[in-house]
Amino acid sequence: MYSPSRKDFIALTLSDQHSRSYNNGKHRRQSCWRKWKQLSRLQRSLILFLLALLLIFGLLFYPSFSEQWGACSCAVCVCVCVHSGMSDKAVREDWDEDWERGLKPIPPGVNPVAGPAGGPAVGLAGVAVGPELDPGLGLAAAPGLIPEVIPEPRRPKVPSIPKPPAKKRPFPNKRGPPSLQKERNVSDSLVKPAEKVPVEKAEEKEGEKPLVSWRGAMIEADEATEPPPSAHEKDAPVPVNPEDTAPLAPVSVKPVDRLEMVREAFRHAWKGYKEFAWGHDELKPVSKSYGEWFGLGLTIIDALDTMWILGLKEEFEEARKWVETELSFSKNVDVNLFESTIRILGGLLSTYHLTGDEMFLEKAKDIGLRLMPAFKTPSKIPFSDVNIGKGTAHPPRWTSDSTLAEVTSVQLEFRELSRLTHDPQYQEVVNEVMRLVHKLPGKHDGLVPMFINTNSGQFTHKGVFTLGARADSYYEYLLKQWIQGGKTEPDLLEDYLEAIEGVKKHLLRTSGPRKLTFVGELNHNRFNPKMDHLVCFLPGTLALGAHNGLPEDHMELALQLMETCHQMYIQMETGLSPEIVHFNLQPYDGRDVDVKPADRHNLLRPETVESLFYLYRFTKDAKYRDWGWDILESFNKYTRVPSGGYTSISNVRDPVNPGPRDKMESFFLGETLKYFYLLFSDDLELLSLDKYVFNTEAHPLPIWQLPPV
């Protein structure tokens, strides 16, 4: 029998220990795996994420790796690759190319800047981006501006210069009291940093430019205002001194050409009208069709003087040719006396004065004569509707009343037509209307009801007083007729001054939270804190009166109301005012402005921009220009249609889905863009307010120069 030696015993012992150690290790590994499997999927994912994060930080802070790659995060690299259509291999080769040429990737957080003269802008990783876009506008930016990153197809790479630090612009759609929203009052010579918003690629149709989806509104990537660089310029590398490691000096930023931005907006609107609605009254930009009201090409006539003022010669000439060869008033069609007077007659008279072209005066005579049957009523208060082909007139089908604003807001145009034609009949009929209204009972401290009967000549629906729809331009035309006639008609001035006192006594209130001054309504002695956007004509009218020697407190009230109209914009999420607001009168913290669902639409109205124009002309305070610029940017963000034109929207409280209404009113070209241009113009003699008075459709008519006595 074998007896193990000491040596065998030691070997057997060691073998047994090794076996137990192996089994214990295996057991521990199995135990760890079982514990790992017992963890929830979320716990396992969190542990793996932390480990990956530690690995990434280790790589980033590893000295030799950080020196070459730490300036560019993986996420940015992937973003550039994907959007420029580059494969992984192409990217690696591209980086190798850069290092061989002495170029380094752009550090994260640096926005692209315009390249050398004639060259493209450059973006992340040296990839050129273009054409330059201004995200705040949704438009092609002016040359030389620093755009945000807009991914584009791969182009030659040039070194980038860091963007100078800029103060972050407050979000224009922020809700809350104005004290929490910092006012901006910077010089027009500075570019304001645009709001950074997620940008998505929209569908690209074959043969069309790419579109950008901008927070619910489709914004077009238009061409830049500079010609594209040549192939030689694109390929030419920019010399770089690799030894120069000093930080680069801030880049000088060219001023935003606000006037050019207005011209671009007009061209874009005109493009849509010309392509889809030429010769018709209004453009329906979303459906790429047109709307008809009178069938007289309202948009063309309303925009004539705007094109002349903006210096758009090509567009003006094609419009003039249409008026000369296509416009005919010999149509069996009913037109509204007020609307056709302020838009058609006013537009033709204004364009005649600006151009001296007799053709426009002849057309004005034609339409003026065809509107005269409206005044053939028992009371001499005109009917609302005229058939310009048959020479007949009638009230609306549902009533024999006319609205007071309509019958008292045709005077500037008919008076001027008499002066030019030396035919007194036009002025006589409109002056008679003013004489009748001047002595009518039923006023309330100068405030007038909204309706007047064409048979009796008396006010109807008494007890309701407003400066909004159906009454607004009555007060405006009291002052402007007095100015137009050389301040020689005391009844007009008396009625105007009495009306402003009535406004202050009965309609003026302040909101509870922020003490905003506003103009409400009176309904049978019951105050309603409701204010139409239309009332925002009043700050400009008050300022115009003060400029012409009326009491100084008119200007003080104008400044207060201008602030209120501004708040009606900035307290909305889209930065655009609703049609109607209600003010909060309760003295506790909260919003000043409340908007009912049915009142949240915006029709591209001009009244606030009009008053900003007057206030800037008389005060020279640059903040009014800045406020106007904010409004123009919001129009471009939420109402601009890629194929051409701008659309009214249904909900100014919803920046994601503002709800386009598919209509561009003629007054957007006739009034809104014109007042934008005049607001931003440094030429204060352009349509001097000492020489011209604007009708309620923004058509300038000359102030009469009376012969010396």
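**Figure 1. Helix α9 and its surroundings in the predicted model.** Helix α9 spans residues 313–325, and its 13 residues reach 18 Å from first to last C-alpha, close to the 18 Å expected at 1.5 Å a residue. The structure shown here and in the other views is a predicted model. Buried positions in α9 are Glu315, Phe316, Ala319, Arg320, Trp322 and Val323. These residues lie on the same side of α9, because they cover an arc of only 160 degrees around the axis. The cover over the buried residues of α9 includes α7 (258–276), α8 (298–310), α10 (337–355) and α11 (358–371). On the face turned away from the buried side, α9 carries the exposed residues Lys313, Glu314, Lys321 and Thr325.

**Figure 2. Isoleucine 344 in helix α10.** Isoleucine 344 belongs to helix α10, and α10 is among the elements that cover the buried residues of α9. The relative accessible area of isoleucine 344 is 0%, so the residue counts as buried. Apart from neighbours within four places in sequence, isoleucine 344 has contacts with Leu296, Leu298, Ile301, Phe329, Glu339 and Ile367. A C-alpha separation of 9.9 Å is found between isoleucine 344 and glutamate 413, which are 69 residues apart along the chain.

**Figure 3. Threonine 696, a position annotated in UniProt.** An unreviewed UniProt entry lists Thr696 under "binding site". Threonine 696 sits in the loop that joins β24 (692–694) and β25 (700–702). Residues up to four places away in sequence aside, threonine 696 touches Phe338, Ile342, Ser473, Glu476, Tyr477 and Glu671. With glutamate 476 there is also a polar contact, made between the two side chains at 3.0 Å.

**Figure 4. Lysine 504 in helix α16.** Helix α16 (residues 490–507) contains lysine 504. Lysine 504 is partly exposed, with a relative accessibility of 25%. Not counting residues up to four places away in sequence, lysine 504 touches Asp553 and Leu557. The side chains of lysine 504 and aspartate 553 make a polar contact at 2.8 Å. Valine 519 is 15 residues from lysine 504 along the chain, and the C-alpha atoms of these two residues are 8.5 Å apart.

**Figure 5. An open sheet of three strands.** The strand order is β21-β22-β23, and the pairing is antiparallel. The edges are formed by β21 (530–532) and β23 (593–594); each has a single partner strand, so one side of each lacks a neighbour in the sheet. Three bridges link β21 to strand β22 (residues 580–583) in the antiparallel sense. Aspartate 532 is opposite isoleucine 580 of β22.

**Figure 6. Two loop residues with positive phi.** Most residues other than glycine have a negative phi. Lysine 288 is not a glycine, yet has a positive phi of about 55 degrees. Its place is the loop between β8 (282–284) and β9 (289–291), and at 40% relative accessibility lysine 288 is partly exposed. Aspartate 445, likewise not a glycine, has a positive phi of about 55 degrees. Aspartate 445 lies in the loop between α14 (425–438) and β14 (451–453). The relative accessibility of aspartate 445 is 32%, which puts this residue in the partly exposed class.

Note on methods. Residues are numbered from 1 along each chain as its sequence is written. This is a predicted model: local features need pLDDT of at least 70, side-chain atom pairs count only at pLDDT 80 or more; totals for chains, interfaces and linings use all residues. Side-chain values use heavy atoms; hydrogens and water are left out. UniProt positions are given in the numbering used here, feature names are shortened, and annotations may be inferred rather than shown by experiment. Helices (H or I, at least four residues) and strands (E, at least two) are DSSP runs, numbered from the N terminus. Contact means heavy atoms within 4.5 Å. A polar contact is a pair of N or O atoms within 3.5 Å; within protein, one must be able to donate a hydrogen and the other to accept it, and residues adjacent in sequence count only if both atoms are side-chain atoms. The expected span of a helix is 1.5 Å times one less than its number of residues. Buried means under 20% relative accessible area, exposed over 50%, partly exposed in between (1.4 Å probe, protein chains only). The arc is that of the directions from the helix axis to the C-beta atoms. Two strands pair if DSSP finds at least two bridges between them.
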